[in-house]
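Me: I'm new to looking at structures. Could you pick a single part and take me through it closely, in one connected answer?

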Amino acid sequence: MTESLFGQVEAFAGDPILSLNDSFKADPRSEKVNLSIGVYTDEKGRLPALGSVRAAYERVGFAERPYLPMDGHPGYREGVQKLVFGDKHPARAEKRIATIQTIGGTGAVGIAADFLAKHAPGRAVLVSDPTWENHHGLFQRAGFKTTTYPYWDAKNRSVDFDGMVKAIEAAAAGSIIVLQPVCHNPTGVDLDAKQQAALTDVLVAKRHIVVFDMAYQGFGTSLEEDASFVRRYAERASCLVANSFSKNFSLYGERVGGLSVVCRDADEAERVLGQLKLAVRRSYSSPPMTGGLLVATVLGSDDLRAQWAREVDEMRVRMDSVRKLLAEEIRKISNEIDVSFLTSQRGMFSYTGLTAQQVRAMRERDGVYLVESGRMCVAGLNEENAAKVAKSFVNASQA
């Protein structure tokens, strides 16, 4: 065979979180605990099949499955706008929001990056330090250079708000700022309402382009409250909002997400929608049908939407309860460790402050799997494993 064209292709090291999940599956220990991958599991460690989604399956049935339009299912897009912005938001009333259905939240951020690369090229892109690693990857793939703004205050396990604001103020006017409005991944710490208002003033004054990535709506305080930062910001300025239904609908494999762009007026929104459709056409052509139908059915039905909202509340309450349980189990063993961060952080993740060496020790000695950054997915906790995790945590912390 002649010399390969691909001889210089580098090996893929693998995604660190997904690779860790593979290692967990291969671990033969029966009492191993997976607190690494970002999925919500119930008390038995299973992905929940929500009753509202089951009912939607029955209503949808198995009819023809033609290609969806490039921008997605109309009912889905309407449902996204109502959920993210609220039915009575002025931007909705004025028809100045362009919304598309996307392949998950990742697809939404990816299309946002592609759209901005065409219509706002050459800008600096700032993401939080730390952040979901794909924020860097998706914008870099689109041709941007990414940098960070301070976010995590390791000493106080809180937001470094002063550092964050200074960096965003110092960025060139019109920079692209990626924000997670609720349930920050990986830290679990969010801006409070006063900080959100102060940051909004800076963002608007600098004419920055804000991309909100809201993957966990409903897992912080409530479906409505979790969207409040986005809604207030959209009353003052244009922005892009990526959202996901993977977690709060437990539809991981269906790849259901949305991207909304808040525009100046209805004419601009129509033109932006056309360009988003073009970006989709050049990427994956159209989104998947089944996931779109399920979400559209739930969000478009009063009874199913109410049922779904209750189920999201149940998931959030369970995560809050296992946070408290783990804190209590740690306190039973040691009063020397401050575990208040467990109950002050929100959503699926907790930034524990553990070092990579301590995390590796927990994994190797006890079969307790965390990401090496110290991020823990609290949804993997339950009444059966909390004591084991607490003991492992204390041993690692005091080693």
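Reply: To compare two helices, we use axes, which are lines fitted to C-alpha atoms over the stretch in contact, and angles that run from 0 to 180 degrees between N-to-C directions. This is a predicted model, where local features need pLDDT of at least 70, side-chain atom pairs count only at pLDDT 80 or more, and totals for chains, interfaces and linings use all residues. Residues are numbered from 1 along each chain as its sequence is written, and side-chain values use heavy atoms, with hydrogens and water left out.

Helices (H or I, at least four residues) and strands (E, at least two) are DSSP runs, numbered from the N terminus. Helix α2, residues 51-60, packs with helix α12, residues 289-299, at an angle of about 110°, and their axes are 9 Å apart. That makes α2 roughly perpendicular to α12 (the label covers 65 to 115 degrees; under 35 is roughly parallel, over 145 roughly antiparallel, and the rest oblique). Contact means heavy atoms within 4.5 Å. On the α2 side, Ser52, Val53, Ala56, Tyr57, Arg59 and Val60 take part, meeting Thr290, Leu293, Leu294, Thr297 and Val298 of α12.

Now for our close look: helix α11. Its 16 residues, 266-281, reach 23 Å from the first C-alpha to the last, close to the expected 22 Å (1.5 Å times one less than the number of residues). Buried means under 20% relative accessible area, exposed over 50%, and partly exposed in between, with a 1.4 Å probe and protein chains only. In α11, the buried residues are Glu268, Ala269, Val272, Leu273, Leu276, Ala279 and Val280. Viewed down the axis of α11, these residues fall within an arc of 140°, so they line one face of the helix (the arc uses directions from the helix axis to the C-beta atoms). They pack against α3 (74-85), β2 (97-103), α5 (104-119) and β10 (256-262).

Next, look at the start of α11. Asp265 caps its N-terminal end, with a side-chain oxygen 3.2 Å from the backbone nitrogen of Asp267. This is a polar contact: a pair of N or O atoms within 3.5 Å, where one must be able to donate a hydrogen and the other to accept it, and residues adjacent in sequence count only if both atoms are side-chain atoms. Ala266, found in α11, is partly exposed, with a relative accessible area of 35%. Leaving aside neighbours within four places in sequence, Ala266 is in contact with Glu94, Lys95 and Arg96.
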